[in-house]
Amino acid sequence: MKNIISTEQFKKAEVEKILARASIMEASCKSDKIEQILKDKIVACIFFEPSTRTRLSFETAALKLGAKVISVENAETTSSAYKGESIEDTTRMLCCYADIIVMRHPKEGTSDAATRVASKPVINAGDGANKHPTQAFLDLYTIQKEHGRLDNLSIAFVGDILNSRTLRSLVPLLMLYPNNKFYFISPKELVLSADYRKYLTKNNVNFVETTNLDEVLSKVDVLYMTRVQKERFSNVADYDRVKDSFLLKMEDVRKLKKDAIIMHPLPRVNEIEVEIDKDPRAAYFRQAQNGLYMRMALLLFVLDL
Ligand code: CP
């Protein structure tokens, strides 16, 4: 049985198959045939943290493939977790009703814990500040579509480097391809954790840490903006101090390469001026759209279809 818990679990050949499958999904999204593939399946989406894109794109992906969807949002208050049910028992119940479990939870490692009792595939839709593998797959697909390659790229992550589950999921996928260089740009309070820095060094990843966005702008192929994750801070004063550290302005975008792309997992709060949306290099809404095709591919992947 296949689960999707972390991008580190994937070998390059498997990643390439998933990318190719997403491309097929995109090309045949409106075909009648696609609506039959999962016609006897049920997908359960249980979200203990807020979401717009991940939950709705998974549900749309399931519906496009002909599956039925059962869904719990605000699960911390609307499911029996509120009464004290453990994640293991909740998972056992979901497996009685559905063929795939898509789960988001604020606590790191929750999806992994769910896999230990699950009799159906579990997909991690974000576990705290830890991992968000399906976001990373749609990001990879976006980079491939926009640049036509996944190697020899300079990628800058900007903002909340410490708490970005998106970063910790996308970097391992890009590490599968040669000659990629990473820039991590953050305020000093939100730099890479010591553990993650050690992991990158141990794996011979080419990376630079800096607080200066301006000196990096002209060098990168992908500028990946991230939101400062308010929900990961234990007090508001600490959040307020760093929340507006990096706001991308039109004058910054003018310094980017002509073929660079600007990405953001969204939601955007105060990281990218709205005026930038009309620049063709602003790829973040195309990125979110790609989430639908990629999540269709990932639903098929976990069912071995
Ligand atoms: N990028 C992302 O995970 O968005 P949502 O929180 O809206 O799902």
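In which handedness of crossing does α2 pass α11? The crossing is right-handed, where right-handed means that the near helix is turned clockwise from the far one by less than a right angle, and left-handed means anticlockwise.

## Basis of the model

This is a predicted model, in which local features need pLDDT of at least 70 and side-chain atom pairs count only at pLDDT 80 or more, while totals for chains, interfaces and linings use all residues. Residues are numbered from 1 along each chain as its sequence is written, and side-chain values use heavy atoms, with hydrogens and water left out.

Helices (H or I, at least four residues) and strands (E, at least two) are DSSP runs, numbered from the N terminus.

Two packed helices are described by the angle between their axes and the distance between the axes. Axes here are lines fitted to C-alpha atoms, for helices over the stretch in contact, and angles run from 0 to 180 degrees between N-to-C directions. Angles under 35 degrees count as roughly parallel, over 145 as roughly antiparallel, 65 to 115 as roughly perpendicular and the rest as oblique.

Helix α2 (residues 53–64) packs against helix α11 (residues 284–302) at about 55 degrees, with the axes 8 Å apart. The two are therefore oblique to each other. Contact means heavy atoms within 4.5 Å; on the α2 side the contact residues include Arg53, Phe58 and Lys64, and on the α11 side they include Ala288, Leu292 and Leu299.

Helix α1 also meets α11: their axes come within 8 Å and cross at roughly 120 degrees, so this pair is oblique. α1 passes α11 in a right-handed crossing. Among the residues in contact are Glu14, Ile18 and Met25 of α1, and Asn290, Tyr293 and Phe301 of α11.

## Helix α1 against α6

The axes of α1 and helix α6 (residues 133–147) come within 10 Å and cross at roughly 75 degrees, so these helices are roughly perpendicular. Val15, Ile18, Leu19, Ala22, Ser23 and Glu26 of α1 touch Phe137, Leu140, Tyr141, Gln144 and Lys145 of α6.

## Salt bridges

A salt bridge is a side-chain nitrogen of Lys or Arg within 4 Å of a carboxyl oxygen of Asp or Glu. By this rule there are 20 salt bridges. One of them joins Asp304 and Lys2, at 2.7 Å from N to O. Asp304 lies in the segment after α11 and Lys2 in the segment before α1 (12–27), and the two are 302 residues apart.

## Backbone details

Leu266 and Pro267 are joined by a cis peptide bond, with omega about 10 degrees. Pro267 is in the loop between β9 (261–263) and α11.

Asn204 has a phi near 55 degrees, a positive value in a residue other than glycine. Asn204 sits in the loop between α8 (194–202) and β7 (206–210).
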